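I am opening a notebook on this model. The entries below record what I looked up about its rings and its chain interface.

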Amino acid sequence: MPNLPFLTLAELRSGYSRKEFQPSEVIEAHLKRIEALNPELNAYLEVFGDGARDRARALDKKLAQGGPLGPLFGVPLAVKDVLCVEGTKTTCGSKMLEPFIAPYDASCIRRLRDQGAVFLGKTNMDEFAMGSSTENSAFGPTRNPFGLERVPGGSSGGSAAAVAAHLCQAALGSDTGGSIRQPAAFCGIVGLKPTYGRVSRYGLVAFASSLDQIGPMTKTSEDAAILFWAIAGHDPKDMTSSTRPVPPLEALFGQDPRRFRLGLPKEYFVEGMDQEVRDALLATLAKLEGLGIQVEEVSLPHTPYATAVYYIIATSEASSNLARYDGVKYGFSAKHADSMLELYERTRAAGFGLEVKRRIMLGTYALSAGYYEAYFKKAAQVRRLILEDFTRAFEKVDAIVSPTTPTPPFLLGEKIEDPLTMYLSDIYTNALNLAGLPGMSLPIARTGDGLPVGMQIIAPAFMEERLFCLGRLIEELTNPPIQGVPFDQPIA
Amino acid sequence: MAWETIIGLEVHVQLATRSKMFCACPNVFGAPPNTLTCPVCLGLPGVLPALNKQAVLFAVKTAKALNAQVHPHSLFARKNYFYPDLPKGYQISQYEQPLATTGKLEIETPGGTKVIGITRLHLEEDAGKLVHEAEFTRAGVSYVDLNRAGVPLMEIVSEPEISTPEEAMAYLRALRELVRYLKVSDGNMEEGSLRCDANVSVRPEGSRTLGTKAELKNMNSIRFVGKALAYEVERQVRVLESGGKVAQETLLWSEKLEKTLPMRSKEEAHDYRYFPEPDILPLAIEGERIEALPELPWDKRARFKRVYALTDEESGILTEHPALAEFYEALVEAFPNPKTASNWILVELLKTFRPKMNRLDFFPAVSPKRVARVLSMIEDGIINQSTAKDLLARLLEEDFDPEAFVAQQGLGQISDEKALLAWIDELFERHPSQVNEYLDGKEKVFGFFVGQLMKMSQGKANPRLLNTLLKQRFDARKPAS
């Protein structure tokens, strides 16, 4: 019997089809690991032990009956606690939603369920997906499996740590400004933010509607492609989801990346980029050039504005999206309020954490009469220029590469008191959300301290296959640093 | 000093779509509280709006009928404010780039036809309702009913070109009639499917600057709009004439006190922080999808006057509801006497139709062919008017063959001279003093005899013949002069 939690999705599938093991054994092995390791990592907020076991037993029967198995059959998944799973708590890492039980499935959850996936539980996150370290969770921080004193990144830090520590086969995250890619880089895994509109957002608790996307967090590029393929496609419940057909799974690996031309944005090489990160990226590119791949400099001139634009648009939308948490209908409600206004004020003062309140106030300000033109409207205009930068660059190159984050994972508590420094964790990632483009982070190296370094690949809209093809090639060239994590021993 | 009044109206029309604006919940009035709800209209975490295409088509249709410019691209926006009946903490509406702009609506005024400009027409969602005073509430407790949350609304804003409360009422009547013709709303103000806010100001006649305006709310019928505006105009003139200043404020019409009262200032101090709704893509409207408009009320009215030679009033009433107009035309087709047909509808049938005419699905509860046959029987002298009235009343209750019924029940007129003369003679014998009174010149007594004879014939005597015979008999008794 192989060490089940350490398999990839492809290995799992072939094991099932050869009946080497069955879903309940796979699920049990994961639940055991979670039980042993989660207390230290705090990756999961809730584990669906019995629910997952029941579901696995039903799948055992299906496996015994024979018949074709889809790529998601019996795959144990972790779900970021920002996605609604019917009948279970969906807290968004917030006290505000601590008592909230979702009465419906998010569309992507429904799709995965229909394809035979098994949900192991809900993972920790920065409150309402606002943060880059998972320290903003109301339920305590998650720790990085590569160094327990370090952050796993955020906001999908719980999902990233769960994948890295093999507490699930793969996980779902959400990405508004880097919340999949940055923790993927910090935890040495693959994280994909699909093109805006490629995956239905129905059932994803909104942070910033025009930026949010759900995406896979996996051990390999191939796994990312499989999970992406399973959740992508039009959904009538999300008007912003694209009607463009999703290519068949095989087609996601159908391109020869050796013929790609890659662009390296000169604006990304700025002060603040860690030397080891820079070296790792350039070394990887050198290897690619060795295969005949052309790498050239491109310019994204509006890059310096991206973070400011991002924080105006994201906070503006958030100030509106989070207005529904008022203590009237569901979730946390302040006691002993004497008036309607007092109920609102007390509920929101006590229910939201500091970072969420900061962003609601920023966004409310940016949308206020007299400031709207100068802030929100101006930001929306510059956002278009940022997209145009990419469009122009993609006239010359097939994909753009960059570091995912300027630094390796930082220490718990290192930046939490300094929001501006924290915001800079996203400088290479948030422009893609503004432009709606797909981007994937994959591990390329380890620092001298053994910490993971990630590289980001950016493709034109709806060209995710370029990311998977190039990702797979890079994985062949680099020794996947996922090996040798502190938790690589099988749990008896 | 003479004063001039300037009124602009903002009308909210609930659209008669089958489902709500952004979810599949039924769009119906009067269900038990919170039974017509789902995660989307409850504003649960994670839900998204899915735009109702029918609502868009209804709004486009209305915009076209108002001769407004329908924009090929329009935007939805969020209007942010906190209130317990607003589950998301924002209302999805349109702000910059509405669905349509610059239309017009013709209204009838004592001085003739007047054109009122339409500034804009846009789509938005309705909010829920707070229930404060239902019998099951404790004092000081309010309940939230979200059945109405997410019902599609169309907001129609007029130019400030309305000059009197009467014109405002005429505008509302015209708009209500239009939406009923287009079958986009039942336009029922009592149930709130048509709601009106008014901006009103006064200025010295001839002045070119606008006075300070007040906004009036809470007027639940066209009549109340008229009363509220009349009151408010008078109040503003009084304030100005006594040297005061009109405050720019929102006022609520109190039907109980028959006056306008200021809203608490806290409730109106809003910065709605509008911004483009990121969950809904910009709305693109392609011309070819729009169905042809039906004959509009003003066109139908003109045609009725012309073709059927009706008065303004007659054609106005007959075209109030498209189903009534249709009924009239079917009746005239089977009974080609337009004036008589109109009279019978207006006098005998309308009182039964009226209470249901504020519904979109109003349908006259009697077949126009049956009514035509009743009217033809009068013309043919088979029945008299009073029998006809009874027949129509019965036909409104149940369907039957009127001719067969008349024959079966023996309701046909009695035109048998001998029988009528026998009744007259019998009556003269019973009431000799009244006969003498008549002969002495008290002609009023004639009516008494007619009444008695109708009674004796159970209403079936042919009235014209009866009159003639009664006169003959009296004449015969008159002393020769």
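This is a predicted model: local features need pLDDT of at least 70, side-chain atom pairs count only at pLDDT 80 or more; totals for chains, interfaces and linings use all residues.

**Entry: charges over rings**

I looked up Lys471(B) and found that it lies over the face of Phe446(B), 5.2 Å from the ring centre. Phe446(B) also belongs to a cluster linked by ring pairs, together with Phe428(B), Tyr438(B), Phe448(B), Phe449(B) and Phe474(B). I then turned to Arg78(B), which lies over the face of Tyr90(B) at 4.0 Å from the ring centre.

**Entry: aromatic pairs**

How many aromatic pairs does the structure hold over all chains? I read off 39. I picked out Phe186(A) and Phe410(A), an edge-to-face pair with 5.6 Å centre to centre and 85° between the planes. This pair links distant parts of chain A, its residues being 224 apart. Phe186(A) is in helix H6 (residues 181–186), while Phe410(A) is in the loop between strand E9 (399–403) and helix H13 (419–423).

Is Phe186(A) buried or exposed? Its relative accessibility is 1%, so I count Phe186(A) as buried, the cut-off being under 20%. Phe410(A) has a relative accessible area of 2% and is buried.

I then looked up Phe327(B) and Phe353(B). Their ring centres are 5.6 Å apart and their planes stand at 80°, so I note this pair as edge-to-face; the rule asks for over 60 degrees. Phe327(B) sits in helix H7 (residues 322–334) of chain B and Phe353(B) in helix H8 (residues 338–353), 26 residues apart. I note both Phe327(B) and Phe353(B) as buried.

**Entry: chain B against chain A**

I looked up the interface next. On the chain B side 32 residues are in contact with 39 residues of chain A. The area buried between the two chains is about 2900 Å², and carbon and sulfur atoms give 62% of that area.

How many salt bridges does the rule find across the interface of chain B and chain A? It finds two. One of the salt bridges joins Lys377(A) to Glu96(B), with the closest N and O atoms 3.2 Å apart. For polar contacts I noted 18 residue pairs between chain B and chain A, both residues at pLDDT 80 or more. On the side of chain B that touches chain A, the elements giving two or more residues are strand E4 (77–80) and strand E15 (275–276).

Terms used
Residues are numbered from 1 along each chain as its sequence is written. Chains are lettered from A and ligands numbered from 1 in the order in which they are written. Side-chain values use heavy atoms; hydrogens and water are left out. Rings of Phe, Tyr and Trp (its six-membered ring) pair if their centres lie within 6.5 Å; planes under 30 degrees apart count as stacked, over 60 as edge-to-face and the rest as tilted. Helices (H or I, at least four residues) and strands (E, at least two) are DSSP runs, numbered from the N terminus. Buried means under 20% relative accessible area, exposed over 50%, partly exposed in between (1.4 Å probe, protein chains only). A charge sits over a ring if NZ of Lys or CZ of Arg is within 6 Å of the ring centre and within 35 degrees of the ring normal. Contact means heavy atoms within 4.5 Å. Buried area is the accessible area (1.4 Å probe) that two parts lose on being put together, summed over both. A salt bridge is a side-chain nitrogen of Lys or Arg within 4 Å of a carboxyl oxygen of Asp or Glu. A polar contact is a pair of N or O atoms within 3.5 Å; within protein, one must be able to donate a hydrogen and the other to accept it, and residues adjacent in sequence count only if both atoms are side-chain atoms.
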